[in-house]
Structures are given as structure tokens and as C-alpha cells.
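Open the model in your viewer and keep the sequence panel beside it. The tour below moves from one selection to the next and says what is there.

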Amino acid sequence: MLVSHFFPYRIASVHNICVESFCLYNLKRKMGGFAKEVEVSTSLPPAKAFKAFAEDLDTLLPTVAPQAIKSVERLEGDGGPGTIKKITFAEGYGFSYAKHRVDVLDKDNFLYTYVVIESDFFNNTVEKISYETKFVAAADGGTSIKVTTTFYTIGDNQITPDLMLQIKEASEKRALILKAIENYVLANPDV
């Protein structure tokens with residue numbers, strides 16, 4: 001299952017941060033932000049995983065998780081690099097929208113990179129959050145999905161424990177949505 005983690009504090013070295021048993025480990029400074037790398041697996045082969053979690057994500061999100069995602073609207077572009085999308089979350093989700101910019105959609109190398117450039121989740125603390133997702137063939141025929149999330153705060157802002165809890169909740173919700181997509185694709189092989 002694909003899971004991506006946010007990481008909340010501006011720090012000078014590698015640290016482990018925990019709030020209410022939600023831990024972020026081995027945070028690393030990366031060009032103005034802090035990066036967290038996560039590797040997860042799916043039984044979907046790489047081409048199918050890339051199609052579901054990168055190419056078809058816009059249509060699958062509201063179909064598979066209408067309780068979480070109300071809509072995905074393309075504001076600019078054709079779906080490839082430079083495309084701007086607005087995800088509108090369902091009422092009660094915790095925040096209402098996020099705008100993403102696609103930076104890389106490389107079908108040949110199974111690489112998908114996008115940046116969350118605006119969201120009411122940011123609370124004047126976060127500038128942006130970038131995701132680099134690589135889909136690599138696993139020995140069992142499935143896919144190892146390597147996600148690097150880089151979290152950028154505005155200036156020297158620190159993220160509060162309250163926002164840390166919101167990040168925890170958002171990460172858990174995202175993991176459930178992506179697991180639902182994986183299950184949907186497994187149950188509907190023609191997708």
C-alpha cells in the first residue's frame with residue numbers, strides 16, 4: 001500500500017519526532033526543506049501501479065473515495081508537466097481543497113512528481129509540499145513505490161503540535177484512500 005508521510009519541524013540535523021504515537025523518523029534537510037523517504041509495496045505491476053497512482057489518479061479519486069474526495073478539476077494543462085489541478089475534499093474531511101502542480105509524469109521511467117502549491121491545510125505555515133514517486137519492479141512481480149516528500153515552511157516558521165496532529169490525520173486518511181484505489185484496481189483489472 002502506498003503511504004506518504006509529512007514531516008513537520010524545521011531542524012538542523014536528523015531527528016525523530018513523535019506526537020501521540022505518530023512518529024516521523026530520520027528527517028533530512030533537503031534544499032530549503034526537510035525530506036522524508038518512504039518505501040512501500042503493492043502487488044500491482046509497475047505499469048499498472050503508475051497508471052493508477054499517477055496517470056488515472058484524477059478519475060479514480062472521486063470514484064473510489066467519494067467520502068473523501070468530492071472532485072478533481074484540471075485548471076491548466078493537459079495532465080502532463082505544468083498541469084495545475086484542484087482537489088476539492090468532501091465536507092468534514094478536515095480541509096477543503098489542495099492545488100497541485102505536476103512537475104514530472106515520466107511514463108517510460110515510472111516517475112511522478114508533483115507539488116502541493118496551495119491548500120487551506122497550510123495555515124500560513126507551509127509554503128509547499130513536494131512528492132517524488134518512483135515505481136520500481138519488485139522481485140515478486142509487484143511494485144516497490146519509493147516516495148520522497150519534501151516539506152517547506154514559510155520563512156523560519158515552526159509547526160505546532162496541533163498542526164502535527166492534523167498532518168498525522170491527513171497522512172492516515174491519504175493512506176486509506178490510496179489503499180482503496182489499490183483494491184479497486186485489483187478488483188477491476190480492466191481499469
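Start with the salt bridges: the count comes to seven in this predicted model. Side chains of opposite charge can pair when their charged atoms come close.

**Stop 1: Lys85 and Asp58**

Select Lys85 and Asp58, which form a salt bridge with their closest N and O atoms 3.0 Å apart. The pair links distant parts of the chain: Lys85 is in strand β6, Asp58 is in helix α2 (residues 57–64), and 27 residues separate them. Are these two residues buried or exposed? Lys85 is buried, and Asp58 is buried as well.

**Stop 2: Lys99 and Glu118**

Next select Lys99 and Glu118, another salt bridge, where the closest N and O atoms are 3.8 Å apart. Lys99 lies in strand β7 and Glu118 in strand β8, so this pair ties together parts that are 19 residues apart in sequence. Lys99 has a relative accessibility of 22%, so Lys99 counts as partly exposed. Glu118 is partly exposed too, because its relative accessible area is 31%. The cut-off used here is that buried means under 20%.

**Stop 3: Arg101 and Asp103**

Now select Arg101 and Asp103. Their side chains meet in a salt bridge, at 2.7 Å from N to O. Arg101 is partly exposed, with a relative accessible area of 29%, and Asp103 is partly exposed at 30%.

**Stop 4**

Select β6 (residues 84–89) and β7 (residues 97–106), which pair in the antiparallel sense over five bridges. Which residue stands opposite Arg101 of β7? It is Ile84.

The strands β7 and β8 pair in the antiparallel sense over eight bridges. They form a hairpin with four residues between the strands, and Phe110 in this hairpin takes a positive phi near 50 degrees.

**Stop 5**

How many residues lie between β8 and β9 in their hairpin? There are six, and Asn123 in the turn has a positive phi of about 50 degrees.

**Stop 6: Ser130**

Select Ser130, which lies in strand β9. Its bridge partner in β10 is Thr150. Why does Ser130 count as buried? Its relative accessibility is 14%, and the cut-off for buried is under 20%. Not counting residues up to four places away in sequence, Ser130 touches Tyr114, Val115, Thr148, Thr149, Thr150 and Tyr152.

**Stop 7: the largest nonpolar core**

In soluble globular proteins, nonpolar side chains tend to be buried together. The largest nonpolar core of this model has 39 residues. To find it, select Phe53, Leu61, Ile69, Ile177 and Ile181, the residues with the most contacts inside this core.

Leaving aside neighbours within four places in sequence, Leu61 is in contact with Pro66, Ile69, Val72, Ile87, Ile177 and Ile181.

**Stop 8: the whole chain**

- Of the 191 residues, 49% count as buried.
- The accessible surface comes to about 9500 Å², and carbon and sulfur atoms account for 50% of this surface.
- Among contacts with a separation of 6 or more, 53% are between residues 24 or more positions apart.

Last, colour the model by pLDDT. The chain averages 80, and 76% of the residues score at least 70. Select residues 1–29, where pLDDT stays under 50. For this stretch the model has 102 contacts beyond four places in sequence.

How values were computed
Residues are numbered from 1 along each chain as its sequence is written. Side-chain values use heavy atoms; hydrogens and water are left out. Two strands pair if DSSP finds at least two bridges between them. Helices (H or I, at least four residues) and strands (E, at least two) are DSSP runs, numbered from the N terminus. Buried means under 20% relative accessible area, exposed over 50%, partly exposed in between (1.4 Å probe, protein chains only). Contact means heavy atoms within 4.5 Å. Accessible areas come from the Shrake-Rupley method with a 1.4 Å probe; for residues, only the protein chains shown count as cover. pLDDT is the predictor's confidence in each residue, from 0 to 100. A nonpolar core is a set of buried Ala, Val, Leu, Ile, Met, Phe, Trp, Tyr and Cys residues joined through side-chain atoms within 4.5 Å. A salt bridge is a side-chain nitrogen of Lys or Arg within 4 Å of a carboxyl oxygen of Asp or Glu.
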